[in-house]
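Reader: I'd like to learn how to read salt bridges and strand pairing in a model. Can you walk me through it with the structure open?

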Amino acid sequence: MKFLILTQGCKVNQYDSDIISAAMLSNGYIRADENDTPDIVIVNTCTVTENGDKKARRLISKLRRDYPSAVIAVTGCYPQAFPKEAALNRYADIVVGNSENKSIPALISEFTESKAKKIKIEPHEREFYEPEEFFHSGKTRAFIKIEDGCNRFCSYCIIPTARGRIRSRSLSNIIKETDFHAKDGHKEIVLTGINLSCYGADLGLTLFDAVQAVSDNPLIERVRLSSLEPELLTPEQIEKLSKIEKLCPHFHLSLQSGCDETLKRMNRHYTSEEYAEIVENLRKAFPACAITTDIMVGFAGETEEEFEKSLEFAERIGFSRVHVFTYSIRPGTAAALMPDQVSETAKEQRYGKMTGLSERLRRDFFEKNLNTVHKVLIERQISPEYINGYTESYIPVRIYGGKAKRHDIVKVKITEVKENFCVGTVV
């Protein structure tokens, strides 16, 4: 039987889908090619926003129309956060929570025999589920999830409900998967998690230990970190991380707002000045590093004055890139009940202003790197005229006339700045 997996949401979801794929393959199922009609469709859902739930429901409905005889299994954050609603979906044959992804192959087998709908949504386990079967990544950099869950309870966020409490992966299992990807030819590993900064809190370890374990593999040349909660990056932690030569100088520190009043309502665990100090510490330890972030506009109660403070703070920090998004009410969170919700018109205006700043800051960062030399990891070649790649600080670089192959890491001098990328030559 041939299966297809469709993934919504974040890099952690994508990783989970890869682990589900590995389990399906080990149980004798076959991945459907692009032109195949799948016998099984697995939808890995996202529930960060209410719109995410709507997208999931629309997709499931469409899949039933497109593949009327296929087995449709729904998993991910949506059924875990809203089990009763997800279980009632009339188009899904199997509904599974995040905590039961590992049982999907067995449930498919049971459904195939009985034709009776299967629902398995259990509370999250207290320990990290450590896979023994890994998936051969088709991406240039391999992602490894080392942490799951979150204990922060930001007032706008449903993730602690969908993902449970913090659980960390053992170093031995991290090393095992690193070896797997290294043997596949991957030279860069990206460590990811729901709250990556909290890695090891339940094991007596820290994020440094995981980075060191991966960088110890002689075939791995670069280690990159995905999104981080800033307040856990202490000066001591930053100093230790700076000693790992393979760690990429690119830090995505989730800000959400540059206004202290807004941060307090969000139940974030730092002030804007504390955040600025963390950025300063990173720049001292990692000169010329890239600092990227997420900023939410239009959060409940955000006044025009508060938004302007956030805008000014973003410019002051000088991010190399900002992911801007508008706040949307999420049922089941504290912020959904807050007064003074911001109008959609105001959200759109603020989104436009913050996005405009983000584009300018990104170009400024590109300009600062003009005529500098970087190590670029080569991506898959799309055009015969050029090859693409990313620097250690995640600057996208286009190289014309280069002969490097995918997965190669080459020295490149940045010679020109374009709108969304830089042009470089191999040196």
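Author: Start with Glu125, which forms a salt bridge with Lys102; their closest N and O atoms are 3.1 Å apart. The term means a side-chain nitrogen of Lys or Arg within 4 Å of a carboxyl oxygen of Asp or Glu. Glu125 sits in the loop between β6 (118–120) and β7 (142–148) and Lys102 in the loop between β5 (94–96) and α5 (104–114), so this pair ties together parts 23 residues apart in sequence. Helix and strand labels are DSSP runs numbered from the N terminus (helices H or I, at least four residues; strands E, at least two).

A word on the source: this is a predicted model, where local features need pLDDT of at least 70 and side-chain atom pairs count only at pLDDT 80 or more, while totals for chains, interfaces and linings use all residues. Residues are numbered from 1 along each chain as its sequence is written, and side-chain values use heavy atoms, with hydrogens and water left out.

Reader: What is the relative accessible area of Glu125?

Author: The general idea is that buried means under 20% relative accessible area, exposed over 50%, and partly exposed in between (1.4 Å probe, protein chains only). Glu125 comes out at 36%, so partly exposed, and Lys102 is partly exposed too, at 33%.

Reader: Is Arg350 buried or exposed?

Author: Arg350 is buried, at 6%. Arg350 makes a salt bridge with Glu302, closest N and O atoms 2.9 Å apart. Arg350 lies in helix α13 and Glu302 in the loop between β12 (290–297) and α12 (304–317), so the two tie together parts 48 residues apart in sequence. Glu302 is buried as well, at 4%.

Reader: Which residue does Glu344 pair with?

Author: In general, side chains of opposite charge can pair when their charged atoms come close. Here Glu344 bridges to Lys347, with closest N and O atoms 3.2 Å apart. Both lie in helix α13, three residues apart, about one turn of the helix. Glu344 is exposed at 51%, whereas Lys347 is buried at 4%.

Reader: How many salt bridges does the structure hold?

Author: There are 34.

Reader: And which strands form the closed barrel?

Author: Two strands pair if DSSP finds at least two bridges between them. The closed barrel has five strands, in the order β14-β15-β16-β18-β17, with mixed pairing. Within it, β16 (residues 396–400) and β18 (residues 422–426) pair in the parallel sense over three bridges. Ile399, for one, has Gly424 in β18 as its bridge partner.
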